[in-house]
Amino acid sequence: MTETIRLAHGSGGEMTSRLIKEIFYAAFGGDVRDANDSAVLELPRGRTAFTTDSYVISPMFFPGGDIGKLAFCGTVNDLASVGARPIALAASFIIEEGTTFEDLRRIAGSIGEVSRATGIPVVTGDTKVVDKGSGDKVFITTSGVGSIPDDIDYHPRNIRPGDAIIVTGSIGDHGYCITALREGIDIKSAVTSDCAPLHGLVEALWPFGAHIRAARDATRGGVGMVLNEWAMQSSRGILIHEERLPVKDEVAGGTALLGLEPIYLANEGKMLIAVSPEKAAEVLDCIRAHPAGADAALIGNTGDDKPRVVLETAWGTQRLVPVPRGEILPRIC
Amino acid sequence: MNRDDDKKYFHLMVERLREISKRPIKLMEVCGTHTMAIGKSGIRTVLPVEIELVSGPGCPVCVTADSDIDAFMGLARDHRVTLVTYGDMMRVPGSAGSLAELKAEGADIRVAYSSLEALAFARSEPHKEIVFLGVGFETTAPATAHAVKSAVAEGLQNFSVYNLHKTVPLAIRALLAGDGVQIDGLILPGHVSVIIGEAPYAFIADEFGVSGAIAGFEPPEIMAAIVRLAGDINAGAPRISNIYPKAVKPEGNVVAQGLLDEVFAPGDAEWRGLGVIPGSGLDFREAFTSFDAAKRFAVERREVRLHRGCSCGEILKGMIKPSDCPLFGSLCTPERPIGPCMVSSEGTCAAYFLYNDDANIVERGRP
């Protein structure tokens, strides 16, 4: 019989201990005998970045990743967005009664895998079990701390007129992959979620110092949402060019069919970078030289002091890129 | 044509339009799909100042009367039926809330992409009474007719239609005949024309001296329609042109027309903003009246007073711009719409709100 999670696994007793040991310690590493109520960290001097995020994606498993990998990478990328080097993560699980051990082991396993690959440990966590119908299989909350070098300050308030806007690769892959999966569109061809950690890519930009003005991973609401936030926060207009946006052919075709726009689709492994005009070309080369940024493109520039995002279309016309409203896809991350 | 040819053609059309534009011309795109395509493509930013585009009554959601929304919702409240609707209708506010709110209160309201989905519900849930909201013009009406005929063939007793289908040409006639409406040319709806063909538009040029061009939905196709209309207007030679011949045959889709004629007969229909237009509705013929939800459930429509200040009516007639409405962007937004023009994804106000068509576009290359 398939072994499933029962309410008793969340009771705090023997079954909870077994669950933690057999699933989580097995996946993340560490010694159960060292367990305590908090992990104790030694942080480098200087500023510390601290972030948290919850993951409720449906379906839990998708081409290119699963909810575990997503929860790990999402928090790593939030740290990377402020220029931090991730030090450690926490992961909390809310598990619905009836979830199989196999699914849970697989999810914890992919967290362990990306943790080992990046060298960023999961140092603390929690599990709760809710009765059937009160959740949907597995929800994960991850938190993370990271240290920021003294000369790094990534924030949209630093954006100045004429700055270049770079996206680190093709847009909309994650959102399209999940939507296509839900709509039953056959995507065995090529498009997988772009779910990936980006802290290495951002660290490669540290030498550019204050020439890098801002960075942000373009998750829910996609590139369109981040650019609108930047326009508001920097009080600048942003002009981007439709023909420079890196969009995979399958994503372009599929979104047209579904009535969606790649610019609003979630990404889980793409960063937007605002960079000074002087260093734009050099930064773009540097990003492209990194494995996570091979398809990076300079998509536009900032300009006047009217905060809005304008798209120059392939037709040479211009239109606003409005803040996405209403129909944003639910449970995309 | 490939994309590069399309672009060349588009720019050629833009150039041509600049050459021939000498005096102010007001064109109306009748169809909501055109409204959205124009907003999204940014075509207005390359038009000469002389050319003004206004939006017409061709968005099915926008022209749905409040009283019809109330009546449809009443079916769920009073008769506990299952309502099936196209998604766009969910958020349209009637006088007592929207279908989405009614659903949140626990009513069985479902969104479908086609009338056949509604029919499938009736088939698989024989204990439930399924009422489909038949909304749309000649484009969606044949699908409703087909569903009703299938229901007859299968002997499905628990399926009916709350029928709000309308036809486009008579609305255009009412619009052109109305007071205070100044339109020089019409961009005619491509999808509707696929069904009805060219002939039903002849009166536009013959009786009103206004030119019309049946157009597709890609930017070069829309631009070609504008150039054609500007040329005709300059020449003082009104005519109806079909510049979407790859999809629209002169005679239209004869099979679909036959289906419409078999199931429906012309009836009166109430259009928001335009009032009751005789003959512009599609009533069930005698043989199919048992599928008329309004009759089956003895629905009473009650007159509803429009929200004070809501200018959907004038906007649908191209008399004012959305930004001239006192509610636009303040009390009425896509999140909290008051009039249907702000709700529909094809609505004039939603297009203006989203793409800010009035102005605001930057100097070339210098945002």
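Visitor: Leaving aside its neighbours within four places in sequence, which residues is E138(B) in contact with?
Guide: Contact means heavy atoms within 4.5 Å. E138(B) sits in the loop between β5 (130-134) and α6 of chain B. Apart from neighbours within four places, its partners are K166(B), T167(B), V168(B), P169(B), V192(B), I195(B) and I196(B).

Visitor: At what pLDDT do side-chain atom pairs count in this predicted model?
Guide: Residues are numbered from 1 along each chain as its sequence is written, while chains are lettered from A and ligands numbered from 1 in the order in which they are written. Side-chain values use heavy atoms, leaving out hydrogens and water; the model is predicted, totals for chains, interfaces and linings use all residues, local features need pLDDT of at least 70, and side-chain atom pairs count only at pLDDT 80 or more.

Visitor: Is E138(B) buried or exposed?
Guide: Buried means under 20% relative accessible area, exposed over 50%, partly exposed in between (1.4 Å probe, protein chains only). E138(B) has 3% relative accessibility. Therefore E138(B) counts as buried.

Visitor: How is α6(B) placed against α11(B): parallel or oblique?
Guide: Helices (H or I, at least four residues) and strands (E, at least two) are DSSP runs, numbered from the N terminus. The axes of α6 (residues 141-154) and α11 (residues 254-263) of chain B come within 9 Å and cross at roughly 60°; axes are lines fitted to C-alpha atoms, for helices over the stretch in contact, with angles from 0 to 180 degrees between N-to-C directions. Angles under 35 degrees count as roughly parallel, over 145 as roughly antiparallel, 65 to 115 as roughly perpendicular and the rest as oblique. So α6(B) is, relative to α11(B), oblique.

Visitor: How many nonpolar, polar and charged residues has the contact of α6(B) with α11(B)?
Guide: From α6(B) come A141(B), P142(B), A145(B), H146(B) and K149(B); from α11(B) come A256(B), L259(B), L260(B), E262(B) and V263(B). Ala, Val, Leu, Ile, Met, Phe, Trp, Tyr, Cys and Pro count as nonpolar, Asp, Glu, Lys and Arg as charged, and the others, Gly among them, as polar. The contact has seven nonpolar, one polar and two charged residues.

Visitor: Is α2(B) roughly parallel or oblique to α15(B)?
Guide: Helix α2 (residues 32-41) of chain B packs on helix α15 (residues 348-355) of chain B at about 5°. Their axes are 9 Å apart. That makes the pair, α2(B) and α15(B), roughly parallel.

Visitor: What is the radius of gyration of chain B?
Guide: Chain B has 15 helices and eleven strands. The globule rule is 2.2 Å times the number of residues to the power 0.38, and the radius is taken over C-alpha atoms. Chain B is as compact as a globular protein of 367 residues, because the rule gives 21 Å and the chain's radius is close to that, at 21 Å.

Visitor: Which peptide bond is cis?
Guide: P59(A) is in the loop between β1 (47-55) and β2 (61-62) of chain A. Omega is near 0° for the bond from S58(A) to P59(A).
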